[in-house]
Amino acid sequence: MKRAAPYVVALALGLSLVVPWLAPTYLTQLAFLWIMILFALTWDVVGGQMGYNSFGNILFFGIGMYVTAIIQVGLFVDVGAYTAASGAASLNLTPEQYFGGLFLGLGAAAIAAAVAAAVLGAGILGVRGHYFAIATLGLGIAAGEIASGWEYVGAGSGMVTPLYPGAVGGREEFFYYLSFALAVVTFLVLRRLYAGRFGLAINAIRDDEDKAEAMGLHTTRYKTMAWCVSALFLGIAGGIVGNIVGFIDPRDVAFAGATYGVWMVLMAILGGKGTLWGPVIGAIVFHVTQELFWTYLLGWQRVALGLLIVVIVVFFPQGILGWARERWPEQFGETVDAEGEAPAGGGEGGR
Amino acid sequence: MDNLDLLFQAPILGVQLLVDGILVGAVFALAAYGMALVWGVMNIINVAQGEFVILGGYVAFFLAQAGIHPLFGVPAAAVVLFALGWALYRLVIFRIVDRDLFVSLLATFGVSILLAQFMNELFGADVQSAESGFGTWFFFDAMVTVAQIKVVSFVAVLVLGLVLVVFLKRSRLGQAIRATSQNARAARIMGIDTDRVYAFTFALNAAICGAAGALVAMTWVIHPFIGLAYTVRAFTVVVVAGLGNIGGVVLAGLGLGAVENFAGFILGAEFQAAFLYSLLVVILIGRNLVLARQRKYLK
């Protein structure tokens, strides 16, 4: 299994490159698959590797989406007037204008999201445990509420992104490759980070923050850095998704806590939080299941989502990869001591 | 910010906002009391708190639809939610009592989504309220209006709160609950069936929220997706007041109601929810900064 893994990955990557010719009708769904992988990966930086459960990472996604759209539009016309006309004044941009605006916007989105994470992180990451989780939950919803009251970005009626200038179908292909590239880059960057001092530091914070601090680790600096990394990629993803969907609704697309915000947590746990490949596997399993079966649930999808969270968290908290690791430890390069091995995930007990 | 000038020119408006806020804040205090109970006894933060409130509201709403006065919805909702709370404990919660915070937080979060979406599917996403048929009092040349139902609900909350406090202090079961919260292991050694105590505590919390929700349906509006706002309000109140501090919970609840009402008026109704959630973040950071100066943090 361990020896076969590189070939499987190479095959999957090769297939992903040629998929626009194999299955052109599913390009948008496949683009979302890469976005989902990115969601799970970025959530896992803080939620899994560092042990800070964030319910508000959707904040950075939404910020990125709005910043990209504002720059795309704002370079050419006044944003306030554009949103007031709510899409009637659809922009006709030349390809140079469009791609220039898009990439400028994505860059700005990355910076804006990372800066937001740094500024907020300084205060919020000092708050631990339950308090951190609920504070971030509040943060994500507050952002959605502010965006849906702010006239400049179209308030509750949302904002339309500029039209893609190229041929019909070119748009799907372009954004597919863009999200593919972003997800792969995110994975590689995170793998590099986890392998070094940064990975060790955030794992130490997860295991025992006070001890990590006592060992001379600047915990606040590492925590903020981890959140910034997560926010950076989420911000870019937000800009891309805004353009794939084409319409930015403040509560249902940009700051969609009830869908994307919950999914990212769920996917990371499903695959196995705190591992590199877990979120990837979880995202693939979740997204494929969702695309294949959820249409048959006829509106009960979100009820099923709630049920799924409860079931996974209560009965399967170690995730797919965690389970595989317990089942076949030798495949993960772990040697097992037959005696005196503590049961995995044992609680403090005796409360 | 135009409304701020208005407030200075006509201070009587402030009285109106204050009265409304305090009357509605009593309900927040009740929900917060329930949350503090479960938190203190079981060490679980129940994110589904708000959904219990809204479910209680629907009980009152359907009673009103059936022609029964919604005030009967207060005990009815308490009974229905008590049963639901017990069932939830037996199905899910008992598995997470001794687990780490990650599991309990996410599991109740899942329950919260589940209940909200259930209500959405079964009852529809419309904004509803139960008509109680009470009149309105006018003060200061009709500058200040007070709906009688709000006063009735305020009194109901006070009575409920008093009954709860006496129950926890005096009754056998109440004493068992307090003993379990102090030291579950010692309580078990002394012969207390802590599993039953947990089940009862969780169900009692659901019943409290249900009663509060019935009052919300009469004084305000209910909607499948505003449950989370009540969870956040309850949480904010508990964070400000601290666990096991009844006077603090009441004061913080009333204060939150008043502050939120003023903010809604000054910033505009569309930013009231944003204010609530931002306030939570600010309070958490603020409390943590104060503690950080003593090298401590919120636990």
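This is a predicted model: local features need pLDDT of at least 70, side-chain atom pairs count only at pLDDT 80 or more; totals for chains, interfaces and linings use all residues.

**Entry 1: the interface.** I looked up who takes part, and the contact draws 48 residues from chain B and 43 residues from chain A. Then I checked the area: the two chains, B and A, bury about 4200 Å² between them, with 76% of it on carbon and sulfur atoms. I asked which three residues of chain B supply more of its buried area than any other three. They turned out to be B:Phe102, B:Leu106 and B:Tyr297, which supply 14% of the area that chain B buries against chain A.

Entry 2: I went looking for salt bridges between chain B and chain A and the count is 0. For polar contact, I get 2 residue pairs between chain B and chain A, both at pLDDT 80 or more.

**Entry 3: chain B's side.** I listed the helices of chain B that each supply at least two residues to the side touching chain A: helix 2 (11–42), helix 5 (101–123), helix 8 (184–189), helix 10 (227–241) and helix 12 (272–292). Helix 5 of chain B gives the largest share of that side, 16 residues.

**Entry 4: a helix pair in chain B.** I picked helix 7 (residues 172–182) and helix 9 (residues 194–219) of chain B, whose axes come within 10 Å and cross at roughly 105°. Angles of 65 to 115 degrees count as roughly perpendicular, so helix 7 and helix 9 of chain B are roughly perpendicular to each other. On the helix 7 side I noted B:Leu173, B:Ala176, B:Ile177 and B:Thr180, which meet B:Thr194, B:Val197, B:Tyr198, B:Phe200 and B:Thr201 in helix 9 of chain B. The residues of this contact split into 6 nonpolar, 3 polar and no charged.

**Entry 5: salt bridges.** I zoomed in on one, A:Glu145 with A:Arg251, where the closest N and O atoms are 3.3 Å apart. A:Glu145 sits in helix 6 (residues 129–147) of chain A and A:Arg251 in helix 11 (residues 250–254) of chain A, so the pair ties together parts 106 residues apart in sequence.

Terms used:
Residues are numbered from 1 along each chain as its sequence is written. Chains are lettered from A and ligands numbered from 1 in the order in which they are written. Side-chain values use heavy atoms; hydrogens and water are left out. Axes are lines fitted to C-alpha atoms, for helices over the stretch in contact, and angles run from 0 to 180 degrees between N-to-C directions. Helices (H or I, at least four residues) and strands (E, at least two) are DSSP runs, numbered from the N terminus. Angles under 35 degrees count as roughly parallel, over 145 as roughly antiparallel, 65 to 115 as roughly perpendicular and the rest as oblique. Contact means heavy atoms within 4.5 Å. Ala, Val, Leu, Ile, Met, Phe, Trp, Tyr, Cys and Pro count as nonpolar, Asp, Glu, Lys and Arg as charged, and the others, Gly among them, as polar. Buried area is the accessible area (1.4 Å probe) that two parts lose on being put together, summed over both. A salt bridge is a side-chain nitrogen of Lys or Arg within 4 Å of a carboxyl oxygen of Asp or Glu. A polar contact is a pair of N or O atoms within 3.5 Å; within protein, one must be able to donate a hydrogen and the other to accept it, and residues adjacent in sequence count only if both atoms are side-chain atoms.
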